[in-house]
Amino acid sequence: MARVLLIYDNEAVAGFLKSILEAAAFDVTHVSTPFDAFREALQRAPDAILIDFYYKNVDGLYLIEKLRSTAGLTDVPFAVVSEERDFLLSLDALESGANDVIRYPINEDDFIDRMKKICPAQRTGGANEP
Amino acid sequence: MSEQATIDLARFQELKLSFFTKLSGEKVLTFDIIDQSGAVVFEAGIAIDQNEVVAKSQQGCRFFMPKVVESYGHEIVSRPAIQKLADETREIYSSVRATGAMSYEQFLQSNAHLHSIIDGLRQEDRLGGCLGLLRDMEDFDYYTYAHSANLGVLAMVLAYKLGYDKTRMRNMALAGYLHDIGKLGVQREVLSKAGRLTSDEYNQLVEHTRMGYRILDNITGPGGQKMVSDVIKGTAIFHHRKYKNMGYPFRPARERNSETFYRALPEEIRMIAICDVYDAITTSTPYRTAEEPRTGLRKILNLSNHYFILDDVLSFIKTLACTLNKGKGVLDRGDFIVLESVRSSRDNPNQKEPLYEFARIMSTNSGRPIEPNVHIFFNASDNKKIRSIEVDMRHDYTRKIVRVITNERLTERLRRHALSA
Ligand SMILES: [Fe+2]
Ligand SMILES: [Fe+2]
């Protein structure tokens, strides 16, 4: 089962995303503060990170950059959720190395496809799990 | 000794006990703390202990921090310190940027106006010697000190090139020098910590903005009048505010729109905020290697519309790029860029919306770092190919460069698009 770390400070949206992912057999850990994000990311070594761009009081891009420059997290694929249709922000997410930008409102099937694509293949196969 | 003799209680600022207890820890004081009778309670150079602070206050001590620079008539006691600062500013700046072919030293020496500003700062006692606060910074945290010196010079050069008058130029220079002075109130270990900060440490760091404002606001003249101009204090408190996401100090709930707030800040503060990030990116610390000026400038460009207002960034690059980057520009032939312009909204013709286009740089124009000749091939807002056009950015008043693509995956995708255009 692919393990996803969900970094999101809006509880309602986080719960929604978590339920979709869990229905598709992802193992999801949700954290809502940047401090928890670092702790969990380092402890659990997730297969992918899903992060909110509009983090309260924290610059989403800055948080991504910090996570990406932390030893042990540099190669973890990640996707960004953007609730706003802003071309530059989506571009910035890709510039900072994001594998995908997921726009709100979310199309569930499309969302799951994208998440499967960014997770390392052997993790999402289910049957291939040793 | 002579400082002791000239202590005038009216000129001391009472410290709030909360600030004072924050100072305690393993930190070493960089100034004497005296009580209401003028007796030194804690000496500069010692580490104070919180229990002692509480004990002394229970004995009836009220704490005062002597003015860091004591004035006696028109004689600045610490004139050598300020003189040293002005000299070192130039030295430090050129050594920090030893890689640059054109050093700031050379630049400044070739510029009589800036020279006279430095001399003015050195000789005048107009501000009660608040520049002397930097002396404490030098002992306290050398990185912040060097960074402050850098910003003083950058701000001054920028102010000069933006055509400010002498007073405004001097204020902007001082605003640069003193923007981080509030870091004197942050524990040294926090300032130099290599790893991630804890929540408490982060909050302490954030406080350097408000602390800076307080320190500068507390500098008063002989008649008790405030000596430091608003733009200098404003820079201390607001230099970490950002355009689209508020930065800090965090906005109060009632202040809805960070963009409106940011736009209303004086140009000096907005430009120093850019210099601040630029200097951080291009200066090495024990934990981070410095970026080349070119990379620094490209990063600044890519923060426009997000951290900074695009027009400010373009003005920063137009004004400083050639100086900072050895006479060379920021963009190169072959670079992919994003252009921003404005069009009527598709949904509502009365409304404007931004239009974004992808383009590739065909050739650069010397002396015009952000106005190359470009080849526009893709409408990114509508996600469609367009018939490609060539534009000389020197003569295009509708489009502005808002991003330069550095990510390899993106570059590869754009290269394919450009080829098929
Ligand atoms: Fe600062
Ligand atoms: Fe700074």
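Helix 15 of chain B and helix 17 of chain B are oblique to each other (angles under 35 degrees count as roughly parallel, over 145 as roughly antiparallel, 65 to 115 as roughly perpendicular and the rest as oblique). This is a predicted model: local features need pLDDT of at least 70, side-chain atom pairs count only at pLDDT 80 or more, and totals for chains, interfaces and linings use all residues. Residues are numbered from 1 along each chain as its sequence is written, chains are lettered from A and ligands numbered from 1 in the order written, and side-chain values use heavy atoms, without hydrogens and water.

**Helix 15 with helix 17**
- Helix 17 of chain B spans residues 310-324. It packs against helix 15 of chain B at about 50°, with the axes 10 Å apart (angles run from 0 to 180 degrees between N-to-C directions of lines fitted to C-alpha atoms).
- The crossing is right-handed (the near helix is turned clockwise from the far one by less than a right angle).
- Helix 15 of chain B brings Arg270(B), Met271(B), Ile274(B), Cys275(B) and Tyr278(B) to the contact. Helix 17 of chain B brings Asp312(B), Val313(B), Ser315(B), Phe316(B) and Leu324(B) (contact means heavy atoms within 4.5 Å).
- By class, this contact has seven nonpolar, one polar and two charged residues (Ala, Val, Leu, Ile, Met, Phe, Trp, Tyr, Cys and Pro are nonpolar, Asp, Glu, Lys and Arg charged, and the others polar).

**Helix 15 with helix 16**
- The axes of helix 15 of chain B and helix 16 (residues 293-301) of chain B come within 9 Å. They cross at roughly 140°.
- This pair, helix 15 and helix 16 of chain B, is oblique as well. Its crossing is right-handed.
- Ile274(B), Val277(B), Tyr278(B), Ile281(B) and Thr282(B) of helix 15 meet Pro293(B), Gly296(B), Leu297(B), Lys299(B) and Ile300(B) of helix 16.
- Seven of the residues in the contact of helix 15 with helix 16 of chain B are nonpolar, two polar and one charged.

**Helix 9 with helix 13**
- Helix 9 (residues 166-178) and helix 13 (residues 230-238) of chain B pack at about 30°, with axes 9 Å apart.
- That makes the two helices roughly parallel. Their crossing is right-handed.
- Asn171(B), Leu174(B), Ala175(B) and Leu178(B) of helix 9 make the contact with Val231(B), Ile232(B), Thr235(B) and Ala236(B) of helix 13.
- Six residues of the contact of helix 9 with helix 13 of chain B are nonpolar, two are polar and none is charged.

**The two iron ions**
- The iron ion (ligand 1) is coordinated by Asp180(B) (OD), His208(B) (NE2), His239(B) (NE2) and His240(B) (NE2), at 2.1 to 2.2 Å (donors are N, O and S atoms within 2.8 Å of the metal, or 3.2 Å for Na, K and Ca).
- Its four donor atoms subtend angles of 86 to 179°, so the arrangement is irregular (four donors are tetrahedral if all angles lie between 85 and 135 degrees; four are square planar and six octahedral if opposite donors are over 155 degrees apart and all others between 65 and 115; anything else is irregular).
- The donors of the iron ion (ligand 2) are His147(B) (NE2), His179(B) (NE2), Asp180(B) (OD) and Asp276(B) (OD), at 2.2 to 2.3 Å.
- The site of the iron ion (ligand 2) is irregular, with angles of 76 to 170°.
- Asp180(B) bridges the two iron ions, which lie 3.6 Å apart.
- Asp180(B) lies in the loop between helix 9 and helix 10 (188-191) of chain B, and Asp276(B) in helix 15 (residues 267-282), so the pair ties together parts 96 residues apart in sequence.

Definitions and conventions. Helix = DSSP H or I, 4+ residues; strand = E, 2+ residues; numbered from the N terminus.
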